[in-house]
Amino acid sequence: AATGAWAGAGAVGVSDVKAEVKARTLGADKGKNWVKVTFTATVKEKVEKLNTVKVKISCKVGPDTLTDDTPSLTAKLSELDVGKTAAMDARLFFDKGEGFTAAKPDSCTVSFGFGKSTKKDEFTAIGDYCFDGTAVADGACK
């Protein structure tokens with residue numbers, strides 16, 4: 001896990017970032033892999049309803065660059081007091097037709113942001129991490 005003490009501008013910070021490749025075993029996308037990202041969100045300022053941590057990912061898989069983004073809806077940050085934390089996660093390349101057949105990506109930059117879950121383009125940057133298919137390190141991939 002990336003040990004970055006803290007990443008975060010504004011209302012929420014993230015820490016203890018981990019990622020793992022998961023395999024699909026059923027359905028039309030059987031044989032394709034996806035990425036599960038887990039992290040701890042810390043509320044630094046009162047969070048308005050519908051605001052959450054958003055996760056963007058850009059992975060190099062052989063000659064291809066695959067991208068995806070999703071809001072993390074595993075915790076209602078607006079219900080937490082300042083200073084409280086929540087374990088959260090996000091599933092990337094999980095929607096129908098998405099994913100990759102390689103055992104693991106060559107590298108993925110995982111970018112965290114903050115904004116309304118209902119507004120796709122609302123993204124205030126929190127911080128970047130690099131997932132090499134095995135471990136997560138602080139900062140975007142080089």
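Is C108 buried or exposed? The points below take this up along with the disulfides.

1. This is a predicted model. A search of the whole structure turns up two disulfides. A disulfide is a covalent bond between the sulfur atoms of two cysteines. Counting bonded cysteines along the chain, the pattern is 1-2, 3-4.

2. One of the disulfides joins C59 to C108. Their sulfur atoms sit 2.0 Å apart. That pair ties together parts 49 residues apart in sequence, because C59 lies in strand β3 (residues 51-61) and C108 in strand β6 (residues 107-116). The link of C59 and C108 is right-handed, with 105° about the S-S bond.

3. Now the opening question. C108 counts as buried, because its relative accessibility is 0%. The cut-off for buried is under 20% relative accessible area. C59 has 0% relative accessibility, so C59 counts as buried too.

4. C130 and C141 also form a disulfide. Here the sulfur atoms are 2.1 Å apart. C130 belongs to strand β7 (residues 124-131), and C141 to the segment after β8 (136-138), so this pair ties together parts 11 residues apart in sequence. The link of C130 and C141 is right-handed, with 100° about the S-S bond.

Key: Residues are numbered from 1 along each chain as its sequence is written. This is a predicted model: local features need pLDDT of at least 70, side-chain atom pairs count only at pLDDT 80 or more; totals for chains, interfaces and linings use all residues. Side-chain values use heavy atoms; hydrogens and water are left out. A disulfide is a pair of cysteine sulfur atoms within 2.5 Å. Helices (H or I, at least four residues) and strands (E, at least two) are DSSP runs, numbered from the N terminus. Buried means under 20% relative accessible area, exposed over 50%, partly exposed in between (1.4 Å probe, protein chains only).
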